[in-house]
Amino acid sequence: MHKISLKDWVVLLTILPTAIIAFGLAGYFSYNRSSELNEFLNLRAQSIIEPLAITSKSALLDSDREKLRIIISAAHRSQSSLVKSIAIFTLDNQIFVTSAYHGNTNLMRLKAGNEIPTYTQGEHSDDYIIFRTPIIEEKAGNKSKPETLGYIAVHIDKNQIKFKQQSQYIIAFTMAFLSTLLSGIFALQLIRNVAKPVNSMVHAIDRIREGKLESRVSGQLVGELNFLKNGINAMAQSLGNYQNEMQGSIDQATIDLRESLEQYEIQNVELSIAKKKAQEANKIKSEFLANMSHELRTPLNGVIGFTRQVLKTPLSDSQRDYLQTIDRSANNLLTIINDILDFSKLDAGKMVIESIPFSLRESIEESLTLLTPSAHKKEIELSIKIDNSIPDSLLGDAMRIKQIMSNLVSNAIKFTQYGSVIIDVVYKVINAKQAAVKITVTDTGIGMNTDQQQAIFKAFAQADQSITRLHGGTGLGLVICQRLAYEMKGDIGFSSRENNGSVFWFNFECGVNTLSLAGELDHLRLANKSILYYEPHSHSRSATCDILLNWQMQVTQVESIQQLNEILELENQQAEVSFDYALIGHDRTATALSDLKKIIAQVKPHVANVHLAINSNSPSLQDALIASGALSCLSKPVIAKKLYSALLAEPESLFAPNKQILPIKVLAVDDNEANLKLINALLLEQVNEVVLADNGMKALELCQNENFALIFMDIQMPIMDGISTLKAIRSNSCNTTTPVIAVTAHALSGEKEKMQQQGFNAYMTKPIDETMLSHIIYEYCDVNHFISSAQQKELTEAKPVLISKQVEQNAKAVDWQLALERTGDREELAKEMLTGLIEGLPESQKEISNALVKDDTNELKSLIHKLNGACCYTGVPNLSTVCQELETQLKKGADLDDLEPEFLDLFEQIEQVLMQAPKVLAELEES
């Protein structure tokens, strides 16, 4: 954009306004004068024609042409400067007399068809004006209408008036031009006196800006311009002085900087040497932690693994209790090892949070099982309430969750001498795949003052230093919990008052597992059963009632012994048993045994199945109470699975799921004999055949001669380590594409990413978690995971086409009972899943057809795998079987032309499902 200069501003503010005003006034006054002349001409013409019309009336009545000629000729002569011709016309528009016989009378005559005007009218043109007015005879009488005798017309010349108007315009605009010219002369003088000095100042400032500080503004100026000149010259002088001073400072600073750089160079050399030493020390520390982790986890893997294997065998109650204690103790030791590693990871900022399937309820209950003896020893009421809307299967780091919860509950028990410790677990859905869980621990302990609260999350610090001597501890627990909560996208906080207890809470985000974990309780077995429940503690009563009501039981709550006696008296009056079960909660007091015996004696005649819940795990007390008539005696807090098994008089081992034996062969490689035996036992529970190798070289030889569906590879081994074995298998064996799972006792951060970069498909840490093992097998070998045993046998023995035909002949397209079995007898879920399958089948059929046309085997594998997964829980055995067979054949590399009968069968089964499923759903809605 062009910048306006001072010269331009002078022109704009002087010449332009003057020109606009001058020409505006000239135009305004000229126009007014022109209008006045036109008005004057009209008035003068009227003053001529109207008297003539009156004077001519009598002569026209007498038809006296001579008299009329004299009159109009006299008028013409007297106004000859304006009038060119005067003519009188008769009523029939004929010329009667005219003052100028050579004039154009036709111009003055009314045009044919026009009536004689009733008043004076003018017909205007550029050079002339024709005025016409009627000649009227007024008759006697007011009501008589005047008679028009004719009209008189006057031809007025406008040339004289136009000359005067033009002269006026010329004079006015000439004066405006002269005024503008004079203003321009004054503006040029102003520019010469102001703009020129200002420009010289601008040039001087530009030179100063360029560094020519010796530049000055010269010349003698007046007024403010002289002040400005002096200011610029003074500024240039100051800048020159400042530059000289600054240059001196720079020279001195350069000398100082050179000296400092020499010092820094010496310090950098010293720091580099110290850094190398620190890196070497850190490397030694990391190697020590890695080796300690490996050496400690390896024997623990055997202890925990084989303990759990023995727990799966038939055992007496005492044997099971001892083994469970061993399992808990080993896990405690594992927790200590993990804490050591956790502190190292937190210190280095390399904490890694796992995302594996786990049961939140089981994790919480396992944590509480270890802590209940401490609460019972202090006779503290320990209670937990878990929101029933929480899914049983989530994705997250169960060990970290248990670690935080154990720390918070342990602290609550540690600092509570009497009263209660209550735990509340709530759940909030974030989206379809993510959820947030909040766990709150409330106690009635000693609480904390303001100063203690400020130090609670500082490392190696406790609220009171004397606590270390009273209760032990390093002061790291809450610091680790806080960092773990942050790593799980959550937070931790508390509120406390001295001598009034504390409330600690933490929340975290986790994934929602679409695959439910095995071993869920069959709630329908207790539906509509009635139970009498006595519990004096409100939170324990509310928590247990939520469990019972979730099982659809009819619960009668009792808060006091008096209320219990009233209900039993009412039972006596009815003389019939109205409760299927009774659950009696009680504290461990000096008179607990006698009090409970009395209650059992009162309740037993009315309720055959009496169960107890006490805050004690004493075997002798429990045996005494069972001998008094109780069927079972549970330790508080009441846990859903133990309560369920007690009410149905079933051992917990019956809930162990019947795992599917997959018809695949798996290779397990480990140099530790105990670990090799353990992984062999764990794998044989899920797969048909396991081949073992105790070093990498032997594993490579096996892979060169046999095909395996999965390979579990230890990392640290003699002869050939796991990474070298993996590379050799990938380059030279029959298992170049077989998934290889890294199994290691290293639990340091970055280990998982390191293994994936080396080429491992997945990563497992020791001790081996059975749930994680099942998840990995499902992820990499899920072709036949949901096939029943009979179907598996058929698939391995019969030809694919025959299987499809047999299923087509012998089974229905939709098996509702099978759908219920697959969804755990949850009818609404079964309906929802079947409806979802129906809605997606047409699109799946279209995509499979398009992939067949394109001969896109990879796309077909993906589509068939997706459809197979959708059929697993929807009770469509025929379609599921065909999908399973097609997926198996596609993964084996079968040619698409050879699978044409199976694809035809697939499309036929899809049509069958689309036909039968709506009918099944409609029948269910009607029923």
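## Working through salt bridges, loops and a charged patch

Aspartate 546 is partly exposed, with a relative accessible area of 24%. Here, buried means under 20% relative accessible area, exposed means over 50%, and partly exposed covers what's in between, using a 1.4 Å probe and counting protein chains only. You're looking at a predicted model, where local features need pLDDT of at least 70 and side-chain atom pairs count only at pLDDT 80 or more, while totals for chains, interfaces and linings use all residues. Residues are numbered from 1 along each chain as its sequence is written, and side-chain values use heavy atoms, with hydrogens and water left out.

### Exercise 1: Aspartate 546 and its partner

Find the residue that forms a salt bridge with aspartate 546, and work out which elements the pair ties together.

**Solution.** 
- Start with the rule: a salt bridge needs a side-chain nitrogen of Lys or Arg within 4 Å of a carboxyl oxygen of Asp or Glu.
- Lysine 385 is the partner, with the closest N and O atoms 3.5 Å apart.
- Aspartate 546 sits in helix H13 (residues 538–550) and lysine 385 in strand E7 (residues 381–386), so the bridge ties together parts that are 161 residues apart in sequence. The element names come from DSSP runs numbered from the N terminus: helices are H or I with at least four residues, strands are E with at least two.
- Lysine 385 is partly exposed too, at 25% relative accessibility.

### Exercise 2: A bridge within one helix

Locate the salt bridge between glutamate 36 and arginine 33, and say how the two residues are spaced along their helix.

**Solution.** 
- The closest N and O atoms of glutamate 36 and arginine 33 are 3.5 Å apart.
- The two residues sit about one helical turn apart, because they're three residues apart in helix H2 (residues 15–61).
- Glutamate 36 has a relative accessible area of 47%, so it counts as partly exposed. Arginine 33, at 36%, is partly exposed as well.
- As background, side chains of opposite charge can pair when their charged atoms come close.

### Exercise 3: The surroundings of arginine 132

**Solution.** 
- Glutamate 123 and arginine 132 meet in a salt bridge, 2.9 Å from N to O.
- Arginine 132 is buried, at 7% relative accessibility, whereas glutamate 123 is partly exposed at 31%.
- Now go to glutamine 121, which belongs to strand E3 (residues 121–124) and is partly exposed at 36%.
- Glutamine 121 and arginine 132 are 11 residues apart in sequence, yet 5.4 Å apart in space, C-alpha to C-alpha.
- Setting aside neighbours within four places in sequence, glutamine 121 is in contact with Ile130, Phe131 and Arg132. Contact means heavy atoms within 4.5 Å.

### Exercise 4: Lysine 636 and the next residue

What links Lys636 to Glu381 and Glu535, and what kind of peptide bond joins lysine 636 and proline 637?

**Solution.** 
- Glu381, Glu535 and Lys636 are linked in a network of salt bridges.
- The peptide bond between lysine 636 and proline 637 is cis, with omega about 0°.
- Proline 637 lies in the loop between strand E17 (632–635) and helix H17 (640–647).

### Exercise 5: The whole chain

How many helices and strands are there in the chain, and how many salt bridges does the count come to?

**Solution.** 
- The chain has 29 helices and 22 strands.
- The salt bridge count comes to 13.
- Of the 927 residues, 43% count as buried.
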